[in-house]
Amino acid sequence: MSQRIEIPATTARAVTLRAGQRMRIVNVQGKQVADFVAFNAADLDESLSTLHTLVSLQRLFPTTGDRLRTNRRRPMVEITRDDTGRHDMLISACDPWRYELDFGVTGHRNCSDNFLEVLAPWARARHQLPQPVNFFQHMRYVDGRAEWLESLAKPGDVVELRALIDLVAAVSACPMDLNPISGFRVSDLALELE
Ligand SMILES: [Zn+2]
């Protein structure tokens, strides 16, 4: 029996997962970047760490079979299905200043505020938000230069995650519509929990 949670474009949702539970992130219309953060439900100071994950994987881009690590290097989530095959771990979540300073737009919705909103029941402050895994985000780093490309996610593509410990997790349908990552537009995601 699975539970489906819609994530309307530009918004986020938070869920709790018990160890062993699976969560699928569904790219409903395709090309939509999904920022993902997670915390150890028993100690919120232990959270997803993309940089510790990078050291563990010895690769920039995570995929099926990879285990995402915490800031204490503990495996917290395993990727058990990856329809798209390209995700990013280096780009910071968008925040009010990304839009204000880099694009001259004030009041734009953003992943950082989205996470603060949906994680309010767990009292997370901005400095406590981990660097996200940017599922479905297509980046290239040839010769150390960062290139923002359009997501390779097709409509209906899924990333499935299995919780390895009890988690608080949040997913934001990234509101970035001013660069190519989600095709210069934003669309819906959905979560399926089982
Ligand atoms: Zn974003």
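Me: What is the strand order of the open sheet of 6 strands?
Reply: The order is 1-13-3-11-7-6, with antiparallel pairing. Strands pair if DSSP finds at least two bridges between them. Strands are DSSP runs (E, at least two residues) and helices are runs too (H or I, at least four), numbered from the N terminus. This is a predicted model: local features need pLDDT of at least 70, side-chain atom pairs count only at pLDDT 80 or more, and totals for chains, interfaces and linings use all residues. Residues are numbered from 1 along each chain as its sequence is written.

Me: What makes strand 1 and strand 6 edge strands?
Reply: Strand 1 (3–7) and strand 6 (67–69) each pair on one side only.

Me: How do you know that strand 3 and strand 13 pair?
Reply: The definition asks for at least two bridges. Strand 3 (residues 22–27) and strand 13 (residues 189–193) are joined by 5 bridges and run antiparallel. So they count as paired. Within this pair, R24 stands opposite E192 in strand 13.

Me: Why is P62 called buried?
Reply: A residue is buried if 20 or more other C-beta atoms, placed from the backbone, lie within 10 Å of its own; exposed means 12 or fewer, and partly exposed is in between. P62 has 24 within 10 Å, so P62 is buried. P62 is in the loop between helix 1 (50–57) and strand 6.

Me: Which residues is P62 in contact with, leaving aside its neighbours within four places in sequence?
Reply: They are T53, L57, L68, I79, H87, M89 and V133. Contact here means C-beta atoms, placed from the backbone, within 7 Å.

Me: Why does Q58 count as exposed?
Reply: Q58 has 6 C-beta neighbours inside 10 Å, so Q58 falls under the exposed limit. Q58 is also in the loop between helix 1 and strand 6. Its phi is near 60°, a positive value in a residue other than glycine. Most residues other than glycine have a negative phi.

Me: Why does D143 count as exposed?
Reply: D143 has 5 C-beta neighbours inside 10 Å, so the exposed label applies. D143 is in the loop between strand 9 (138–140) and strand 10 (147–149). Phi of D143 is near 55°, again positive.

Me: What does the secondary structure of the chain come to?
Reply: It comes to 3 helices and 13 strands.

Me: Why is the chain called as compact as a globular protein of its length?
Reply: The radius of gyration is taken over C-alpha atoms, and the globule rule is 2.2 Å times the number of residues to the power 0.38. The chain has 15 Å, close to the 16 Å that the rule gives for 194 residues, so the description holds.

Key
Contact = placed C-beta atoms within 7 Å.
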